[in-house]
Amino acid sequence: MSVDSIINDSASSRRGLRWWNLLVRELGVFLRASFGSVFSREFLTVLIPLLILWEALPRLGIVPRTLVPPPSAVVSTFRDMVVDLNMAEHLSSSATRFGAGFLLALVTAFPIGVLMGWNLFIRKHALPLFQILAPVPPPAWVPITIILFGVGLPMQIFLIFLGVFYPILFNTYQGIKETDPRYLASARVFGASEFTLITRVYIWHALGSVIMGIKIGIALGLIMLVIAEMYGGRSGIGWLLLEAKEYFQIDRMVVCMVMLGFIGWFLIEVMKYIELKLAVWRIGR
Amino acid sequence: MKNRFWKITGLLLIVILSGTGCSDRDPSRNVSSQAANVRVGYSPNPLLGPLYAAEARGKAWQLIKFGTGGDIGYSLISGDIDAGFVETEKALKLIKAPGGEKLKVAGAIQFPYGATLVVRKDLKVRLSDLAGKKIAALEADCILNHQFNKDAKRHGLDPKSLKFSYMPFADMLPALESKSIDGALVKGAHAVLAELQGHKIIYQNWDIKAGADDCCPPSIAQTEYFLLVREQAIEKVKPLITALVAATELPPSEIRKVISTRLGYPQAALEQYPTASFAVVSEDQRKLLGEARCLLTR
């Protein structure tokens, strides 16, 4: 083994170790920020009494136990569902659908929003169309979507896309439009091109609005996920919820509702972490 | 001045709103709403021909449309409706679900069993061309499969060349629509629904009767809907049950006519199929469900 290869190996292992340490550190920051907000003293003073009430009322017979399953029954049903119904596969199906629809919406809505906010000509031609289409509730698109795409994955992805698209579009547009003219003037004084203005001034100024739009899009996208999984396919958390509803399995319904809530919360925490890292000037707001 | 303007506007609004609340109502509406106090839930389906025929003969009950059998079940439990037609599998779960102990099975909508192979509307194939295709079936060891395998060999198709995917009947049409399967081996009732959705029938055998195997107990296999009734509404619903039995005696052409009028399907498309019938709870169903869960009207 030559000296050079030994040096190279040790340098690459030091790089690997550095990346690993960075990953562990950032994961710690993320977990502290996300779970820290849930397990804070203030929230626990609200959460614990609610959980106790939820557990006690069905056990005491004040509400029917079978219609309002207590948290202990929900946990036990969740365990059974993981074993009997292969929850991992359903989660993976839902994640695929949601991820595809979400990414499609992000890569289309963000550039369109930037262009509309940046350029008056584009805004005057495109914005009225989106303002007319946006108030149409996404579930109303279901029949047309079935005609266009048939029943299946493309239709499901399109429905989720519709739910996520408009919040990102309008929030991006608004954030870009409201860029402080003083920043633009300062940048132009230093010879910034329009492209530099967009990438170094407009987008960074609008970052907070964009992330807010993404958070709203996540919530609407999850709603559309449940609606999309009603049509075609026999997998996904939304499908499990609807099957449980159709076959009067209320405990399973509650498990699916809690899981959807948890997924939504987790995705929003991821966006908060991204905002923490990218929009440092907004810390403390 | 501004204050007076708002006061006058507010007063006008109150007068207008009060006027709409006190408008003359058609007195006959009150009478008919009292008479039609039997609320019956259903989800539109051509298999509910006896129900449409009974309604068309002018009986005083109110049909409430729902999207799914699950919604009908929850409305029964909450007391919003007095009776409802719920799909067989869901009804069996409902009577065991919380709140379902107050419901009784009053009868069933039945349809001849049969065996039908339906293929996707976009496929142009015959029975002998199906080798390698993905076909949905209820179970491997089911009378439908056995009969189909026998008949398929006679028509030049090796059943072993098919890729079977096993799922409940209710999932087969959505799977056809989403193109995750190429065909489905369904019972008679689902053949009607499949063809009305545009899919093609390439094999049919009405001689098969349910009951020759464990997967399809006859009292359940040929039942498409159970009529569930709330305990408190049993007396009110008895005339409906009588009307449903009478509607079943009507000529099939009349039942097809009301289905066509009600749901918009062309009558010609319904001609090739038998019609569904309503029957009160049978001895077999009583044994299966338990006497306490059945409304016996005989």
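**Burial, helix packing and local backbone**

Biologist: What percentage of the 298 residues in chain B is buried?
Modeller: Chain B has 298 residues. Buried means under 20% relative accessible area, exposed over 50%, partly exposed in between, with a 1.4 Å probe and protein chains only. By that cut-off, the buried share of chain B is 48%.

Biologist: Before we go on, what are the ground rules?
Modeller: Residues are numbered from 1 along each chain as its sequence is written, chains are lettered from A and ligands numbered from 1 in written order, and side-chain values use heavy atoms, without hydrogens or water. This is a predicted model, in which totals for chains, interfaces and linings use all residues, side-chain atom pairs count only at pLDDT 80 or more, and local features need pLDDT of at least 70.

Biologist: How many helices and strands does chain B have?
Modeller: Both are DSSP runs, numbered from the N terminus: helices are H or I of at least four residues, strands E of at least two. For chain B the count is 13 helices and 11 strands.

Biologist: What share of the accessible surface of chain B belongs to carbon and sulfur atoms?
Modeller: The area comes from the Shrake-Rupley method with a 1.4 Å probe. It totals about 14,700 Å² for chain B. The carbon and sulfur part is 54%.

Biologist: Which elements do the buried residues of helix α7 of chain B pack against?
Modeller: This helix spans residues 169–177, and B:F169, B:D171, B:M172, B:L173, B:A175 and B:L176 are buried in it. Contact means heavy atoms within 4.5 Å. The partners in chain B are β5 (115–119), β6 (134–137), α6 (143–154), β8 (183–186) and α8 (188–196).

Biologist: Which residue with positive phi follows α7(B)?
Modeller: Its phi is near 65 degrees. The residue is B:K179.

Biologist: Now chain A. How does α4(A) lie to α5(A)?
Modeller: Axes are lines fitted to C-alpha atoms, for helices over the stretch in contact, and angles run from 0 to 180 degrees between N-to-C directions. The axes of α4 (residues 87–118) and α5 (residues 120–133) of chain A come within 7 Å and cross at roughly 125 degrees. With under 35 degrees roughly parallel, over 145 roughly antiparallel, 65 to 115 roughly perpendicular and the rest oblique, α4(A) is therefore, relative to α5(A), oblique.

Biologist: How do the residues of that α4(A)–α5(A) contact divide by class?
Modeller: The crossing is left-handed (near helix turned anticlockwise from the far one by less than a right angle; clockwise is right-handed). α4(A) brings A:I112, A:L115, A:M116, A:G117 and A:W118; α5(A) brings A:L120, A:I122, A:R123, A:A126, A:L127 and A:F130. Ala, Val, Leu, Ile, Met, Phe, Trp, Tyr, Cys and Pro count as nonpolar, Asp, Glu, Lys and Arg as charged, and the others, Gly among them, as polar. The division is 9 nonpolar, 1 polar and 1 charged.

Biologist: What classes make up the contact of α5(A) with α7(A)?
Modeller: α5(A) packs on α7(A), residues 153–177, at about 140 degrees, axes 11 Å apart. The crossing is left-handed. A:R123, A:L127, A:F130, A:Q131 and A:L133 of α5(A) meet A:F165, A:Y166, A:L169, A:F170, A:Y173 and A:K177 of α7(A). The classes are 8 nonpolar, 1 polar and 2 charged.

Biologist: And what classes are in the contact of α4(A) with α9(A)?
Modeller: α9(A) covers residues 194–228 and packs on α4(A) at about 145 degrees, axes 9 Å apart. Here the crossing is right-handed. Residues of α4(A), including A:F98, A:F102 and A:W118, meet residues of α9(A), including A:Y202, A:I214 and A:L225. The contact has 14 nonpolar, 2 polar and 2 charged residues.

Biologist: Which residues does A:G101 touch beyond four places in sequence?
Modeller: A:G101 is in α4(A). Its relative accessible area is 0%, so A:G101 is buried. Its contacts are A:I157, A:I160 and A:F161.

Biologist: Is A:F248 buried or exposed?
Modeller: A:F248 has a positive phi, near 60 degrees, and is not glycine. It sits in the loop between α10 (237–246) and α11 (250–278) of chain A. At 5% relative accessibility, A:F248 is buried.

Biologist: What is the relative accessible area of A:N86?
Modeller: A:N86 is another non-glycine residue with positive phi, near 55 degrees. Its loop joins α3 (71–84) and α4 of chain A. A:N86 is partly exposed, at 37%.
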